[in-house]
Amino acid sequence: MLQYSQLKVPLGNTDIEGALAQALKIKKTDILTCSIAKKSVDARKELRKVYHVIFSLKKGVRFKKNGKVTRFQPPKNWEAYFREIGGKGVTDDDTTIVVGSGPAGLFCAYVLSLAGRKVCLIERGAPMKERKKDVEDFFATGVLNEESNICFGEGGAGTFSDGKLNSMVKDKTGKKEFVLKTFHKFGAPDPILTDAKPHMGTDYLETVISHMRKELEKQGVEVIFHGKVTDLLMEEDQVVGVQYQAGEETLQKKGKVVLAIGHSARDTFHMLAERKLILEPKGFAVGVRVAHKQEQVDRDRYHKTREEWEKETGELLSPADYKLTARTSDGRGVYSFCMCPGGYVVASSTEPGRLCINGMSDQKRDGKYANSAIVVTVKDEDFKQMGKSGIFAGMEFQRELEELAYLLGKGRIPAQFYPDFKRGVPSEKLPDFLEKEGCKGKIFPSNLKNILPEPVWNGIIEGMEHFSHQMPSFCQEDTVLFGTETRTSSPLRIVRDSSLQAKGFTGLYPCGEGAGYAGGIMSAALDGIKVAMAILGENEEEPDQIDKRK
């Protein structure tokens, strides 16, 4: 079997075998098999589809050789492998407690269960159906459930997002394919297996995560919801379990502990510091969400609207996305983050009196608005100017911005037209349809400069003006900004050693985005797998590769 990368085909041409034959300078009848491994759209100049195909030829056929043709090596069957290595050095008393049911925790628990290990999965939030109702109630009323919300509950913070499954983490072992196939097994749509930028959307994530959890339970995993871990059980420098709160009861669970707590478990970080774990500050960025009409984004990226392309070629393109980066005059990075085509800006608070936002899309991405965070990297000097210092300076900086946003918007999402943001004046009125069609939650006309430090709001302006050279509609009169995007990633890292255990402790495995080793669904899932393999004695001793952008 062979593979051809970067096979470029004009829009409207569905004859992939014919295009491959033309590229190889052979007859179409010389091709025995041809399947699509990945596909994408290249819109940089002439709009074209780009395929990665796996193919075979009749014996003896000679073809034009170039660097795009290589021998195909089928990926490893990781599910079968995990089942095979189960039981290594295990006793009946060995239990692994996984704290957090986001992608890192779920995949860690899944791999361990495939290997036949005893697993207890503890989640502070609610199961999916209950959590969804809590989130919808928050959107409608503004009344926050501190333990069941956009960030806490079954599936973690990524459940209410665009569900992106692409990642910048390098993977030569095929574990990304294992993650995609696992999601597909539990109900994710077929395109995630072939799209170069796969995504599920919130509507599919809700179903997929629930199905995955039910399979874990069938495999013997004990799943505990509404269980908030409040302390570690210690024997000198060894972690031997957790203490958790379940309603009015304080309970304990014994075993190795995987901490897959997510980036918003601020109370847990404080508990870990009291237990003398080594925490270190980690870089992050803050900013706003920007919303445009999806049709504007389509025209900017595809040079025409999707409807115009469909009339011309008979092929309907997916809603366009973008990924933009720049450097400010004072040397800070400014970039788009977690772009949601056809999506919604959502209030995603976890603490009363504080407001932060995120973006989400359904699988079809059929909303009228696109949105993305535009964020600027922040530094120690920014924290000091707000009177923040010490290991929790970044986290307290986030909190203060969220408090200011809550006060400015009077509990609603503060929003502003971009021209008003540049001038530093509050927008007087925003269109009613924006709240109905572009947001989940109430909005309030505001001046976002009253929330953000000057280097941040100045960086947003510089960045957006730069991005407008690539996307002409980026800074139009009807461009709307929303405040504030503060939780792009965890502001802390729980330091771990080469065995992936917390440095200076045994029996405790920091994992995923909250621990500072991932940034997005795919990279978090990969880190969960990596930690599970370390527990199984299969530590690959690879350097940590953190995916910084969703």
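1. Let me start with P419: at 12% relative accessibility, P419 counts as buried (buried is under 20% relative accessible area, exposed over 50%, partly exposed in between, with a 1.4 Å probe and protein chains only). P419 sits in helix 12, residues 418-423 (helices are DSSP runs of H or I with at least four residues, strands are runs of E with at least two, and both are numbered from the N terminus). Leaving out residues up to four places away in sequence, P419 touches Q476 and E477, where contact means heavy atoms within 4.5 Å. From P419 to T377 it is 42 residues in sequence and 23 Å in space, C-alpha to C-alpha.

2. A word on provenance. This is a predicted model, with local features needing pLDDT of at least 70 and side-chain atom pairs counting only at pLDDT 80 or more, while totals for chains, interfaces and linings use all residues. Residues are numbered from 1 along each chain as its sequence is written, and side-chain values use heavy atoms, with hydrogens and water left out.

3. Now the overall build. The chain has 15 helices and 24 strands, and its C-alpha trace spans about 70 × 65 × 40 Å along the principal axes. The radius of gyration is 24 Å, which agrees with the value near 24 Å for a compact globule of 550 residues (taken over C-alpha atoms; the rule is 2.2 Å times the number of residues to the power 0.38). Buried residues are 57% of the 550. Of the contacts with a separation of 6 or more, 71% join residues 24 or more positions apart.

4. On to the cores. The largest nonpolar core has 66 residues, and I460, M464, F474 and F482 have the most contacts inside it (such a core is a set of buried Ala, Val, Leu, Ile, Met, Phe, Trp, Tyr and Cys residues joined through side-chain atoms within 4.5 Å). Helix 14, residues 454-467, gives this core its largest share, six residues. Apart from it lies another core, of 54 residues, including V98, L121, F186 and A525. Back in helix 14's core, M464 touches V290, I374, Y418, F474, C475, T479 and L481, not counting residues up to four places away in sequence.

5. Helix 5 (residues 175-185) is worth a look too. K175, K176, F178, V179, L180, T182 and F183 are buried there. The buried residues of helix 5 pack against strand 2 (31-42) and against helices 2 (78-85), 3 (103-114), 6 (202-218) and 15 (521-535). Just after helix 5, G187 takes a positive phi of about 115°.
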